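Open the model in your viewer and keep the selection panel at hand.

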Amino acid sequence: MNPTLQDGFSAGTRNLDAGGMEVISRDAALRLLDAGGRELPSLLSAAQRVRARLHPAIVTYSRKVFVPLTNLCRDYCGYCTFRRDPGQPGAHTMTPDEVMEVVRAGERMGCTEALFSLGDKPELLFPEMRDTLRHLGYKSTLHYLEAMCEMVLRESSLLPHPNPGLMSVEWLSRLSRVAPSMGLMLETTSTRLLARGAAHDNAPDKVPAKRLRVIEDAGRQKIPFTTGILIGIGETLEERVDSLIAIRGLHEKYGHVQEVIVQNFRAKHGTPMASWPELDHQDLLRTLAVARLLMPRMNIQAPPNLSDPHYDELLDGGINDWGGVSPLTPDYINPEMPWPHLEELRRRTETKGFELRQRLPVYPEFVEQAAAHSELLAERLGGSADPQGYAGRAA
Ligand code: SF4
């Protein structure tokens, strides 16, 4: 073990997670994130050893269709190309028929997840969205989302996974009856990024305390939950580590965080952060490895399309999931970065010594927890999951 890793695990700074597993200290995590290129191989080896000890030699992915229910959003994140104001080219709220058209196409291609991505509460800012919702027959975007999740659950073989932004306790409960899992990226614990000109300037739903509150409320309700961090948006290394530790703390308390996404910022044309420097590949690998050493047992995901053409190297950082990969729809959040072809993903994963397995939007170990939320979910999960909890109809 190299001196920095040794130091992190040393008796004086011994840290144990809730299950009694030794983890690196906050100080060691910081030093490792800041370490030079010479330290990287031993850091990656340590992360791989921890993964090998606690996880099977399986890397999972969810075969999904992307359902951008509405791209109207009341926030203005500095890196976002997804959002639109009403009347802007491409502004759109999908009709139920359009949702089912995408879902049917996904069924034909062996997909098991309908990922609902949408802007946060657009009707609070835009009268046009209030009109659209009235026309569709719903009081709010969340009422409409709930109905669309239930429709997909009842009428198709896909399972919905909504990402609607901030949710109240009541809405977490309502959506948990029509979706086996849901998500909200913490992104960061940094409040500095809410300042004028920073990434979350004019993004009221990105206040870290509000997002941590939602993740905690989901924990209290035992909802299988996806969250993660967005790195390279102006956060300090301390803030990056503290964001991971905050997620781990909530999972240790409630046991509901099914995966932690480590997503790297990519600069996008036409956004306020178009000329912001992108993360160095080694920095991403270091962050993945530190995440693995901070949360050894948890599922850690990194999106392959944001690291193309070197995405297979992300496995060296100790991840065990590729996230949602679509054979059909583009990544509407990162439309310029296509998903890897699934056969290529399989080949590269196997070359690294892992089996690629299709999972449902809810991870195998959380299927039972998800099924407890409604009879409809129990019935649908019973028909979708194989005996180990992976996708039963895997293609
Ligand atoms: S990242 Fe999400 S919350 Fe921020 S502007 Fe885009 S759609 Fe809205």
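How many helices and strands does the secondary structure of the protein come to? It comes to 13 helices and 11 strands. Helices (H or I, at least four residues) and strands (E, at least two) are DSSP runs, numbered from the N terminus.

Two notes before you select. Residues are numbered from 1 along each chain as its sequence is written. The model is predicted: local features need pLDDT of at least 70, side-chain atom pairs count only at pLDDT 80 or more, and totals for chains, interfaces and linings use all residues.

**Whole protein.** Show the C-alpha atoms. They fill a box of roughly 65 × 50 × 40 Å along the principal axes. Colour by burial next. Buried residues are 47% of the 395; buried here means 20 or more other C-beta atoms, placed from the backbone, within 10 Å of the residue's own.

**Helix pair.** Select residues 26-34, helix α2, and residues 237-254, helix α9. Their axes come within 10 Å and cross at roughly 130°. Axes are lines fitted to C-alpha atoms over the stretch in contact, with angles from 0 to 180 degrees between N-to-C directions. α2 and α9 are therefore oblique to each other.

**Contact residues.** Now show side chains. On α2, pick Arg26, Ala29, Leu30, Leu33 and Asp34. On α9, pick Leu237, Glu238, Arg240, Val241 and Ile245. Contact means C-beta atoms, placed from the backbone, within 7 Å.

Methods: Angles under 35 degrees count as roughly parallel, over 145 as roughly antiparallel, 65 to 115 as roughly perpendicular and the rest as oblique. Two residues are in contact if their C-beta atoms, placed from the backbone, lie within 7 Å. A residue is buried if 20 or more other C-beta atoms lie within 10 Å of its own, exposed if 12 or fewer, and partly exposed in between; C-beta atoms are placed from the backbone.
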